[in-house]
Amino acid sequence: MRAMQNFQPRHFAIVPAAGNGSRMAASRPKQYLPLLGKPLIFHSLAVLCAAPAIDKVFVVLSVDDAEWRRHDWSSLGPKLVPLFCGGATRADSVLAGLRAAAHEVEPSDWVLVHDAARPCLAPWHIEKLIRELARDEVGGLLAVPVADTLKRAGEHRQVLATVPRENLWQAQTPQMFRHVMLRRALEAATHVTDEASAIEAAGLHPRLVEGDATNLKVTYPLDLHLAEWILTNREG
């Protein structure tokens, strides 16, 4: 444990990667699909491992993940720590990662949780998130304001209503919260789809930090082509 008089919160990353990506209709979990000659997950792990503010990057894998060992991750350096303790859901995997990392992470250290399927994470996304949340009591997440008109559909896809888009945001990752706060929130709310939802269920209000549309999540086959274009054409 660090001496309290010298305490400065550190930053750790957790990347849950125990899912199988069924909507991609691929022969392997989507985090291992090839993207510019590397596994899809490699790109975001590389950015996280290169971030000066992040001390370690824990990638949470399925207990029986055999694909991870087929790839060379050595170029990412000593920050990368694989944990073979993933669960059935994202929340299960993040919680397992928080528990496994507890011997290295102080309760008040920050944890950035990032989707394994967001390969277009950029250094400035991490820098902005950490900078804007540095003094926040709760934490928050990258997000983008909803620009499209939203429709609520019925059982047979007829439009039931147009949903006002004012004050609506599309959640992204990383999502950044204190270790102890996030662990307790996930222990109490296990059926959430992201970390911010668990924090909200605890009665707290995460801050939205505006990101951009290039930080896309690969969900469908076309998204792989979009991610390739972004990574190839990104400047700066």
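**Labels and their grounds**

Apart from neighbours within four places in sequence, V111 is in contact with F12, I14, L98, Q175, M176, F177 and H179. This is a predicted model, where local features need pLDDT of at least 70, side-chain atom pairs count only at pLDDT 80 or more, and totals for chains, interfaces and linings use all residues. Residues are numbered from 1 along each chain as its sequence is written, and side-chain values use heavy atoms, with hydrogens and water left out.

Q: What makes F12 a residue in contact with V111?
A: Contact means heavy atoms within 4.5 Å. F12 is on the contact list of V111, which leaves aside neighbours within four places in sequence.

Q: Why is V111 called buried?
A: Buried means under 20% relative accessible area, exposed over 50%, and partly exposed in between (1.4 Å probe, protein chains only). V111 has a relative accessible area of 1%, so V111 is buried.

Q: Where does V111 lie, and how many residues separate V111 from R178 in sequence?
A: V111 lies in strand 6. V111 and R178 are 67 residues apart in sequence, yet their C-alpha atoms are 5.9 Å apart in space. Helices (H or I, at least four residues) and strands (E, at least two) are DSSP runs, numbered from the N terminus.

Q: How do you know that strand 1 and strand 6 pair?
A: Two strands pair if DSSP finds at least two bridges between them. Four bridges join strand 1 to strand 6 (residues 110–113), and the two run parallel.

Q: What makes strand 1 mostly covered?
A: Seven of the seven residues of strand 1 (residues 11–17) are buried. Both faces are covered: H11, A13, V15 and A17 are buried on one side, and F12, I14 and P16 on the other.

Q: Why is strand 4 called largely enclosed?
A: Six of its eight residues are buried, so the rest of the structure largely encloses strand 4. Strand 4 also pairs with strand 5 (residues 80–83), in the parallel sense, over four bridges. There, V57 is partnered by L80 in strand 5.

Q: Is L35 buried or exposed?
A: L35 is buried, because its relative accessible area is 1%. L35 lies in strand 2 (residues 34–35). Beyond neighbours within four places in sequence, its contacts include P119, L224 and L231. P9 is 26 residues from L35 along the chain, and their C-alpha atoms are separated by 34 Å.

Q: Why is the protein chain called as compact as a globular protein of its length?
A: The protein chain has six helices and 11 strands. Its radius of gyration is 18 Å, close to the 18 Å that the globule rule gives for 236 residues, so the chain is as compact as a globular protein of that length. The radius is taken over C-alpha atoms, and the rule is 2.2 Å times the number of residues to the power 0.38.

Q: What share of the protein chain counts as buried?
A: Of its 236 residues, 46% count as buried.
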